[in-house]
Amino acid sequence: LQSRGLGDVYKRQGPVDSDGLSELHRLQVASALRGRSPRELMPSSHGRLRAARRLALPGVGIVLAVLGLGFIERPVAASRALGILARPWAATFPPAPPPLRLDPPGGEVLRGGGFEVVITAIGRERVRFGQAGAGAPARRTVLDVSDGAAVARIAPVEEAIRFWAEDDRGFVTDTFTVVPVDPLTITSLLIELDYPRYLSRPREVLSGPISSLQVPVGTRLGLTVRTNHPIERMGLVRTRDGEATSDTLDLEVAADIARADLTAERSELLSWLLTASRSVLDVRIPPAIALSVEEDAPPTVVLVYPGEDRVLGIDRDLSLVIEAKDDYGLREVGLVWWRESTGGRRGAPRREILADGSGARRLTLRPIIGLESEGFLPGDEVVYFATATDSNPGAPAAVSDTFRARLASLEELTDEVVRRTGGLVDEARSVRDKVGDLSDGARDAERRS
């Protein structure tokens, strides 16, 4: 039947349409496959495939067993290996990871401190952190990445240091810089001391760290302060001795320089107040200045001799010893005296300048009041005291105790003459006796020889 069908197709005259060709092709395929079994119709490699499948089954079992052990011992690595087996193409040609990122991207840190940098490194196991100072070779440190980030530290930062990060694929971040800065503080302090004029002391200039200062009262202090950063405000908090409250003296500020004047009147503590004109990492306040003000003590004067009232006999010269002192220097030492007669009449006071403008801190003077030359009569009295002033024009004069010296009366003079005459006679007898003794001794020595 099929042979007749083919022959009829070949014998057909005229053009052949698509249905005829299809019928012809079907009949040819059916003629070629007639009498074949289904196994013979399979490709020639079918046997090899079945053999390969039989051999692959044990291998797959071994691999699964190894992966099972790996999950037990190293679950993270085993999961990663399983992921590679599940996606071999993605493991062989992975997509590019996100770019590396540094936080913070540079900045400032206190000199000598440390600077921490967080490296965002998603999709990496490790990164290299590089840093280099001025004129120094680059130094790289390998850091392990945990949860997509690694932490690097630059320390100590004593100069500007450049830093960056890179990975094994050749990705490199931009280069950033960390710069050391110093805390705001006072770098220079000058204090000009202008002493009161009456002290005749030249101006002094002090510099450097100053924590204590001792000056006479009335001294003018001129302060010039320089800082290492521009400042907005600088002040001195003045806490005076014995007072619970304090006030602030603001200095005149220009960029990094501040100036102020103050007069030392009382002892006080001067504490610094600093405010930077821009943000700074830290402020280091210098120690406070303990200002000790020396009060100008008044001078002292003492009549050392005779130091008591007395009666003058034949010797009518009154000898005195005066001692005067001052903490800064004496300007004048004087003696004031007057006469009081037996009738109650008082003479005009007399003032004698014993020392003038010496400037010495201590003087010992020995003046003499000649009563006979001043016309004193027996029974008259002289009243006297000493004075002293220092260079401070506003300070009062110091005054010693007042003493009296009286000239002996005629009876007292007669008694004194008799007493003195008797004393002279007694002395003459004593001398005569001593001479006799010496003469006797000399004769005895001559006889023995």
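Reader: What makes β3 and strand β6 (residues 149-154) count as a pair?

Author: In this predicted model, β3 and β6 are joined in the antiparallel sense over 6 bridges. Two strands pair if there are at least two bridges between them, so β3 and β6 are called paired. Within this pairing, V118 stands opposite V151 in β6.

Reader: How do you know that strand β1 (residues 101-103) and strand β3 (residues 115-120) pair?

Author: The count for β1 and β3 is 3 bridges, in the antiparallel sense. The requirement is at least two bridges, and therefore β1 and β3 qualify as well. R101 has T120 in β3 as its bridge partner.

Reader: Why are β2 (107-110) and β5 (139-144) said to stand at the edges?

Author: The open sheet of 5 strands runs in the order β2-β8-β7-β4-β5, and its pairing is mixed. β2 and β5 each have a single partner strand, so one side of each is left without a neighbour in the sheet. On average, neighbouring strands of this sheet are turned by 25° against each other, direction ignored. Inside the order, β4 (residues 126-133) and β7 (residues 161-166) pair in the antiparallel sense over 6 bridges, and the bridge partner of F129 in β7 is A165.

Reader: Why is strand β23 (residues 330-340) called mostly covered?

Author: A residue is buried if its relative accessible area is under 20%. In β23, 9 of the 11 residues are buried, so the strand is described as mostly covered.

Reader: Which strands pair with β23?

Author: Among them is β27 (residues 381-390), antiparallel over 10 bridges, where E340 stands opposite E381. Strand β24 (residues 350-356) also pairs with β23, in the antiparallel sense over 6 bridges, and V333 stands opposite A355 in β24.

Conventions
Residues are numbered from 1 along each chain as its sequence is written. This is a predicted model: local features need pLDDT of at least 70, side-chain atom pairs count only at pLDDT 80 or more; totals for chains, interfaces and linings use all residues. Side-chain values use heavy atoms; hydrogens and water are left out. Helices (H or I, at least four residues) and strands (E, at least two) are DSSP runs, numbered from the N terminus. Axes are lines fitted to C-alpha atoms, for helices over the stretch in contact, and angles run from 0 to 180 degrees between N-to-C directions. Buried means under 20% relative accessible area, exposed over 50%, partly exposed in between (1.4 Å probe, protein chains only).
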